[in-house]
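Student: I have a protein model open on my screen, and I would like to learn how to read it. Could you walk me through it step by step?

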Amino acid sequence: PTSRYYMQLYKPVNYVDRPGAVLDTQIYDDLTWEKNAVFNVGFEAGFLKNRIKFGIEYFDRRSKDLLIDIPNSLTSGQRTKLQNSPSAGIKNQGIEIELSGSPISNAKWGLDLNFKFGTLKGEYYGLQTAFTDTKGRQIVQNGYSPHTWYIRPFAGISEDTGQLQYWILNEETGQMEKKTSTSGTKTDILNKTGVPKFNGSFNINLSYKDLSLTALFNFAGGHY
């Protein structure tokens, strides 16, 4: 949805070589802020005069009055409508771990190391019905993570022809087979999401007097 949700806008179109206008943006005058209930608990410790530090934290965040694009009747001219859902929300849970140390620390040289790692599990709850996004590629459904893929199972590219391949169930043998045609295939919830299940970083800072050199490495995984 556009950020101009408080305005009803129209856009020009060409209708059989004649000028016209169609509804481009609806008015969303009944929107409210989402609400969040957050719970955090953690533990921190330092060793060797805090030259080595360790911390771990668990978090549970649940949103309410979720702002979501609900499928709309096409007679309105809009596929979806942005609105608050009084019962729906997103539950996010995970842990965050941090380990840092300063193996070198004197008048001239300094070396600081920092490692962070976190996990995330999110899922919808309280939705009245399941639906896909406007492109029909991701599903919004209770118990599934945001950005969960709802597409035909992809089986790679054929080495012989270079065509795209898809998995299809052979009802006679009960085995999954590869096909280069989408005929007979169907969209399915792949239980794969575009949101990383874990992420982290590793940071190195080397200093000599007033000079310093920093390197940062980031990683993430578990997403598609």
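Tutor: Gladly! Let us begin with a term: a strand is a DSSP run of E with at least two residues, and strands are numbered from the N terminus. Ile68, for example, has its place in strand S5. Please keep in mind that this is a predicted model.

Student: Is Ile68 buried or exposed?

Tutor: A residue counts as buried when its relative accessible area is under 20%. Ile68 has 7% relative accessibility, so Ile68 is buried.

Student: Which residues does Ile68 touch, leaving aside neighbours within four places in sequence?

Tutor: Its contacts are Lys81, Leu82, Gln83, Ser85, Tyr124, Leu127, Phe131 and Val140. For a contrast, look at Leu113, which is 45 residues from Ile68 in sequence and 41 Å away in space, C-alpha to C-alpha.

Student: What about Pro71, where is that found?

Tutor: Pro71 is in strand S5, which covers residues 66–71. With 44% relative accessibility, Pro71 counts as partly exposed. Not counting residues up to four places away in sequence, Pro71 touches Arg79, Thr80 and Phe131. Also, the C-alpha atoms of Pro71 and Lys81 are separated by 6.4 Å, while these two residues are 10 apart along the chain.

Student: Which residues form the largest nonpolar core?

Tutor: First the general idea: in soluble globular proteins, nonpolar side chains tend to be buried together. Here, the largest nonpolar core has eight residues, namely Leu66, Ile68, Ala88, Ile90, Tyr124, Leu127, Phe131 and Val140. Take Val140 as one of them. Setting aside its neighbours within four places in sequence, Val140 is in contact with Ile68, Tyr124, Leu127, Thr129, Ala130 and Phe131.

Student: Now the sheets, please. What is the strand order in the open sheet of four strands?

Tutor: To read a sheet, follow which strand pairs with which. The order here is S10-S11-S12-S16, and the pairing is antiparallel. Strand S10 (131–132) and strand S16 (188–193) each have a single partner strand, so they stand at the edges and one side of each is left without a neighbour in the sheet. Between strand S11 (residues 138–140) and strand S12 (residues 148–151) there are two bridges, in the antiparallel sense. In one of the pairings you can look for, Ile139 has Thr148 in S12 as its bridge partner.

Student: And which strands make up the open sheet of three?

Tutor: That sheet runs in the order S13-S14-S15, again with antiparallel pairing. Its edge strands, S13 (154–157) and S15 (176–179), each pair on one side only. From one strand to the next, the twist averages 30°. S13 pairs with strand S14 (residues 164–169) over two bridges, and Ile157 stands opposite Leu164 in S14. The hairpin of S13 and S14 has six residues between the strands, and in this hairpin Gly162 takes a positive phi near 80°.

Student: How many aromatic pairs are there?

Tutor: Two rings pair if their centres lie within 6.5 Å. By this rule, the count comes to five aromatic pairs. One of them joins Trp109 and Tyr208, a tilted pair with 4.6 Å centre to centre and 45° between the planes. Trp109 is in strand S8 (residues 109–119) and Tyr208 in strand S17 (residues 198–208), so this pair ties together parts that are 99 residues apart in sequence. Trp109 is partly exposed, with 42% relative accessibility, and Tyr208 is partly exposed as well, with 31%.

Student: How is the pair of Phe117 and Phe219 arranged?

Tutor: Planes under 30 degrees apart count as stacked. Phe117 and Phe219 form a stacked pair, with 25° between the planes and 6.4 Å centre to centre. This pair links distant parts of the chain, 102 residues apart: Phe117 belongs to strand S8 and Phe219 to strand S18 (residues 211–221). At 26% relative accessibility Phe117 is partly exposed, and at 34% Phe219 is partly exposed. Ring pairs also build a cluster of Phe115, Phe117, Phe198 and Phe219.

Student: Which charged residue sits over the ring of Tyr224?

Tutor: Look for Lys192: its charged end sits over that ring, 4.7 Å from the ring centre of Tyr224.

Key. Residues are numbered from 1 along each chain as its sequence is written. This is a predicted model: local features need pLDDT of at least 70, side-chain atom pairs count only at pLDDT 80 or more; totals for chains, interfaces and linings use all residues. Side-chain values use heavy atoms; hydrogens and water are left out. Rings of Phe, Tyr and Trp (its six-membered ring) pair if their centres lie within 6.5 Å; planes under 30 degrees apart count as stacked, over 60 as edge-to-face and the rest as tilted. Buried means under 20% relative accessible area, exposed over 50%, partly exposed in between (1.4 Å probe, protein chains only). A charge sits over a ring if NZ of Lys or CZ of Arg is within 6 Å of the ring centre and within 35 degrees of the ring normal. Two strands pair if DSSP finds at least two bridges between them. Axes are lines fitted to C-alpha atoms, for helices over the stretch in contact, and angles run from 0 to 180 degrees between N-to-C directions. A nonpolar core is a set of buried Ala, Val, Leu, Ile, Met, Phe, Trp, Tyr and Cys residues joined through side-chain atoms within 4.5 Å. Contact means heavy atoms within 4.5 Å.
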